[in-house]
Amino acid sequence: MKRTTISLLATATALAAVTGFAALMTPGGDTAAEAKAPARLPVERSSLLCPAPSGSEVAETDYTSFTPAGTAGPGGTGGSGSPAKEGSAKEGSAELKPSAALADTETEPKKDTTKAGGAKKDGAAKKPADTKKPANTKKPVADKPVLALKEPGKPVAAKAAGGDAPALVGTATGRLAPGWAAQQTTTVTAGAARGLLGVSCTGPDTDFWFPGASTAKDRQDYVHLTNPDATPAVADIELYGKDGALKTTLTEGIAVPAGASVPVLLSTLTADPAADLTVHVTTRTGRVGAVVRAADERAGSDWLSASADPSGTAVLPGIPADATSVRLVAFAPGEDDADLKVQLAGPGGTITPAGHETLHVKSGMTASMDLLDVTKGEAGSLILSPSQSGRPTPVVAALRVVRGKGDKQEVAYIPATAPVGERASVTDNRAKGSTLSLTAPGATAQVKVTASAGTGGGTPAVKTFTVKAGTTLAITGPPVPAGLKGSYVLTVETVSGGPVHASRTLALPRDGIPMFTVQTMPDDRGMVAVPEAKQDLSVLDD
């Protein structure tokens, strides 16, 4: 008789490191987690997807990629400012490569061939693409990575010009996986899609909510679907206006071939224009990355990222001090209506905007509120909570924020976001123009902010900040690496106190237009809980 011993802990650790979840059961039926708190270990694999930046020939795109230093495996010290012990984690890789972009489809905008000094609108599709037989797939520009990260703590950068830059897909493994972050920042100086468009590359999922989109005549909003996997995915898009679900032309879903990216013009999916719209993207098969590119004829364009998962409370951090127009859009996906208390957390505390105390959101309908210049010279964050205690109704929400006036307006979007948690990073910060907004909706909190080395060199800097309860701390001069060359990364870690919600505003004014973009900073989920087994299980073989 041969006795083979299998370590259940080793199996669970590997499972959790890849999927972020593991459960252990002892022969008696009790969970091992009841005996001892789960260990926190770094993930060993992460995926990111970046949409195609722009269809404009005058577009200029900066890509950046980064993994925080110090996320070691067993024996490492942890912390974004602490180096991991040599050999404590696998070397790994982190590469972003071109996707198999679908060109010349009726769901993709025609290229904006406007040159500087002129203005020409993007062409609009008249009908959605055939979901059974998507258009011919264009081969990737090259299999060569656009961004290849070499080691934690040292960001890398790349550039692209024109309207042919593809969507990117990538995977990080080993010591480069925990907390891997990337961003693309695109400047378009002319045309209907002009503006500063910034988006943090996201991981694939099966469910996304986008309040704040539109099918109005002065908007051209595209939802970009990117499939990172080797098998096809099929996605559904549902649209909800102020009176409920809009009738759409979709009956069989949208096919997203393996490794491909598909842009879908929202106005081609319905005959009903809607100024304020909530877009719900789900997948029938597979998984995708999803993000909305919103273009406004008067205020330019930017990316609208997905809202945090539906929740009874929502925090939307980082409204600029000089915002000239702020519009709140919310949606209640459940069966109950939501009555929300609307509050603004500023530098001195939390107030209720006069005349905008509450918002009623009917079930399955999109509600909106025009908050005008609510910040009035002081940067702040919006906090939504149940107007009656004990009756939380899950909602999703986002803000449409405008700076400037007349023909010098610029738009950006701030979705509700999850807390920073253990750690969150945002890439592509410049020596000037970055503002870090930190909001503590509950208890006072202390956070550590680390500025990485630059993409071209520099020495990291670290500083600790205290965020008082119910306030927003807008840091217009966040830490900058000494001797900075290129761009750098800001990493925020919660040290003590209550939850902190964060965002980064990047302002790059151009020709009198206050161009800006805002990226929220939810927990990077670089660490997962792995329960410890009470014992090994043995398998007896004859």
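1. Serine 503 has threonine 520 of β39 as its bridge partner. Strand β38 (residues 501-507) pairs with β39 in the antiparallel sense, over five bridges. Strands here are DSSP runs of E of at least two residues, numbered from the N terminus, and two strands pair if DSSP finds at least two bridges between them. This is a predicted model, in which local features need pLDDT of at least 70, side-chain atom pairs count only at pLDDT 80 or more, and totals for chains, interfaces and linings use all residues. Residues are numbered from 1 along each chain as its sequence is written, and side-chain values use heavy atoms, with hydrogens and water left out.

2. The open sheet that holds these strands has four members in the order β35-β31-β38-β39, with antiparallel pairing. At its edges stand β35 (471-475) and β39 (516-520), each with a single partner strand, so one side of each is left without a neighbour in the sheet. On average, neighbouring strands of this sheet are turned by 20 degrees against each other, direction ignored; the axes are lines fitted to C-alpha atoms, and angles run from 0 to 180 degrees between N-to-C directions.

3. Strand β31 (residues 434-440) contains serine 437. The residue serine 437 is buried, at a relative accessible area of 2%; buried means under 20%, exposed over 50% and partly exposed in between, with a 1.4 Å probe and protein chains only. Neighbours within four places in sequence left aside, the contacts of serine 437 include Gly318, Thr472, Leu473, Ala474, His501, Ala502 and Ser503, where contact means heavy atoms within 4.5 Å.

4. Strand β5 (residues 94-98) runs antiparallel to β7 (residues 147-149), joined by three bridges. In β7, leucine 147 stands opposite leucine 96. Five bridges join β5 to β9 (residues 168-173), also in the antiparallel sense. Valine 169 in β9 is the bridge partner of lysine 97.

5. Rings of Phe, Tyr and Trp (its six-membered ring) pair if their centres lie within 6.5 Å; planes under 30 degrees apart count as stacked, over 60 as edge-to-face and the rest as tilted. This rule gives four aromatic pairs. For phenylalanine 208 and phenylalanine 210, the ring centres are 6.3 Å apart and the planes at 15 degrees, so the pair is stacked. Both phenylalanine 208 and phenylalanine 210 are buried. One aromatic cluster is formed by Trp209, Tyr240 and Phe331.

6. Arginine 403 lies over the face of phenylalanine 516, 5.1 Å from the ring centre. The criterion is NZ of Lys or CZ of Arg within 6 Å of the ring centre and within 35 degrees of the ring normal.
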